[in-house]
Amino acid sequence: MSDVTLSKAVRSNLLHLQNTAKLMDATQERLATGKKVNSALDNPTNFFTAASLNGRAADIGTLLDAMSNGIRTIEAADNGLTAITKAIESMQSTLRQARQDNSFKTQSYAVNVADAPVGTEVLNIAGGALADGTDFDVDLTAAQSEIQAGAYTAIDFTNVGANDGQISFDVGIHGGAAQTITVTHADVVTAGVADPAAVTADELAGILNTKLDNAGIAATVTVDGGDLVFTTDNAAGTSGADIEISNFAVANGAAGSGIADATGTDITITARSVDALVTAINGDTNLTGAVRASNDNGKLRIENQSTSALTLTGLTNGEMTGGIGQSEIEGNDIRASLARQFNETRTELDRLSEDASFNGVNLLRGDQLKIVFNESGTSSIEIQAKNSKGEARAINVANLGLLELSAEDLDLNDDIDAQLANLQNALNEVRAQASDLGSTLSVVQNREDFTKRMINTLETGAANLTLADTNEEGANLLALQTRQQLSQTALSLASQADQAVLRLFG
């Protein structure tokens with residue numbers, strides 16, 4: 001106050017006391033806040049530098065939540081892939097069990113075709129593992145054909161004159177189309193017959209057998225009492241086309257040939273043996289993998305190598321006769337049941353894929369996840385399920401090529417092997433996807449750790465610029481308190497000196 005006059009000593013001590021109080025206020029503020037720079041007035045450079053560092057740390061800190069959610073999303077997808085891997089392995093186990101199962105249904109039949117008419121003695125097989133609408137006939141008989149002719153000793157193969165010798169006849173293989181076989185003078189000479197004009201029945205049979213072999217005809221010619229007998233191979237074809245042999249004749253008429261026309265064609269039908277039928281059925285490539293035959297103590301055992309019923313037509317009263325009766329052999333129930341198990345696991349695989357989401361994001365469904373790593377957005381990663389070509393693709397049964405199976409798909413072992421190979425490809429793709437996600441997860445986790453350390457570095461740097469040393473400030477406060485007490489004492493002494501004048505009025 002301008003109206004109050006203080007002595008020099010009092011004013012000096014008062015000034016020191018005020019400065020000490022100011023220093024004590026600053027020290028107490030530092031102790032209270034823990035900072036030596038509380039405003040730009042304290043230290044502008046440190047204050048604004050620390051504010052910048054803390055601001056960046058705060059910006060980076062906001063990214064940690066997104067990183068944490070990203071990690072959880074990747075882990076959810078990885079959990080789904082782990083479960084899907086187990087599902088595919090379970091599907092493989094199901095198919096391997098089907099591959100090893102051979103509990104096919106069988107049925108045995110007596111073979112009796114003694115009284116069957118020619119052309120009807122077949123066993124028709126349909127259904128089972130055969131293609132829809134496809135059926136195959138198995139001949140239950142073997143045909144034997146013979147032609148009876150007159151003497152052959154005077155046949156004319158001289159190749160001179162108007163009566164040149166030539167014998168022609170038709171051979172229809174048991175189950176095949178008829179072919180014409182012709183024997184001429186040149187054939188006889190080539191066969192080395194000394195006198196072509198007097199070829200014998202045995203010589204003629206040898207020439208015919210050579211021609212049949214060259215023509216690929218499964219028949220043989222033998223001589224029986226001067227007659228030629230043609231016999232087909234027991235395993236050749238079916239009886240749909242009978243052996244057909246024409247009568248012997250000379251091309252330009254019989255005059256001068258010395259051979260009479262054949263007296264007729266005789267075809268006899270005999271039942272195939274059970275072993276012959278087994279050979280015929282098991283040797284038919286059309287039936288391979290669908291039907292298997294065996295000899296069951298003189299009966300023909302038929303095994304249905306499928307999961308569907310097999311229909312046999314050609315029975316009478318339960319015996320194979322070539323009749324119109326039918327019999328049905330049931331399919332393999334175990335393989336059919338395993339097909340259902342496969343499909344149930346397949347359905348579960350898609351459910352696992354759909355449920356592997358976190359916070360609404362499902363990488364296995366094809367969703368894309370973007371995680372930003374820095375405050376400017378220049379560093380980030382995009383995560384999405386992809387195939388081996390790098391194309392975005394969801395993980396589900398359709399994209400993995402795992403089709404729903406019908407019971408018939410497990411009929412053939414080769415088909416099961418193909419399904420197992422397909423499952424292995426799917427498993428490899430899932431494992432590759434899991435590996436990719438694992439690598440990505442490692443990247444994000446590493447970035448999360450880096451971000452945390454970076455925030456700590458920034459905040460530590462800011463603290464170093466603004467934080468106070470509490471030990472130092474405590475010591476300063478004690479010193480200031482001592483100085484304050486001394487200043488107060490000095491001020492009191494100075495005041496007492498000013499009061500000495502009062503003693504004059506005492």
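Trainee: Which residue does Arg 351 form a salt bridge with?
Mentor: Glu 348. The closest N and O atoms are 3.8 Å apart. Keep in mind that this is a predicted model.

Trainee: Where do Arg 351 and Glu 348 lie?
Mentor: Both are in helix α6. They sit 3 residues apart, about one turn of the helix.

Trainee: How many salt bridges does the structure hold?
Mentor: The count is 12. One of them joins Asp 417 and Arg 99, at 2.9 Å from N to O. Asp 417 belongs to helix α7 and Arg 99 to helix α2, so this pair ties together parts 318 residues apart in sequence.

Trainee: What are the relative accessibilities there? Start with Asp 417.
Mentor: Asp 417 has a relative accessible area of 33%, which is partly exposed. Arg 99 is partly exposed as well, at 29%.

Trainee: What about Glu 330, which side chain does it meet in a salt bridge?
Mentor: That of Lys 105, at 3.7 Å, N to O. This pair also links distant parts of the chain, 225 residues apart. Glu 330 is in the loop between β14 (325-329) and α6, and Lys 105 is in strand β1. Lys 105 is partly exposed, with a relative accessible area of 28%.

Trainee: Which residues are linked with Lys 105 in a network of salt bridges?
Mentor: Glu 330 and Asp 333.

Trainee: Switching to Arg 335. Buried or exposed?
Mentor: Buried, and it has no salt bridge.

Trainee: Then what does the side chain of Arg 335 reach?
Mentor: The backbone oxygen of Leu 410, at 2.8 Å.

Trainee: Where is Arg 335 placed, and what is it in contact with?
Mentor: Arg 335 is in helix α6, which spans residues 333-355. Leaving aside neighbours within four places in sequence, its contacts include Arg 99, Asp 101, Phe 104, Thr 307, Asp 411 and Ile 416.

Trainee: OK, packing. How many residues does the largest nonpolar core have?
Mentor: It has 45 residues. Ile 88, Leu 349 and Ile 383 have the most contacts inside it. At least two residues each come from α2, α6, β15, β16 and α7. The most come from α2, with 15.

Trainee: What does Ile 88 touch?
Mentor: Not counting residues up to four places away in sequence, Ile 88 touches Leu 349, Leu 400, Leu 423, Ala 426, Leu 427 and Val 430. Apart from that core lies another, of 23 residues, including Val 113, Val 138, Ile 281 and Leu 287.

Trainee: Last bit, the whole chain. How many helices and strands?
Mentor: There are 8 helices and 16 strands. Of the 506 residues, 36% are buried.

Trainee: And what does the accessible surface come to?
Mentor: About 26,100 Å², with 48% belonging to carbon and sulfur atoms.

Trainee: What share of contacts join residues at least 24 apart?
Mentor: It is 69%, among contacts between residues at least 6 apart in sequence.

Conventions:
Residues numbered from 1 in each chain as written. Predicted model: local features only at pLDDT ≥ 70, side-chain atom pairs only at ≥ 80, totals over all residues. Heavy atoms only, no water. Helix = DSSP H or I, 4+ residues; strand = E, 2+ residues; numbered from the N terminus. Buried < 20%, exposed > 50% of the residue type's maximum accessible area, 1.4 Å probe, protein only. Lys, Arg positive; Asp, Glu negative; His and termini not counted. Salt bridge = Lys/Arg side-chain N within 4 Å of Asp/Glu carboxyl O. Polar contact = N/O pair within 3.5 Å; in protein donor to acceptor, adjacent residues only side chain to side chain. Contact = heavy atoms within 4.5 Å. Core = buried A, V, L, I, M, F, W, Y, C linked by side-chain atoms within 4.5 Å. Areas by Shrake-Rupley, 256 points an atom, 1.4 Å probe, with all protein chains shown as cover.
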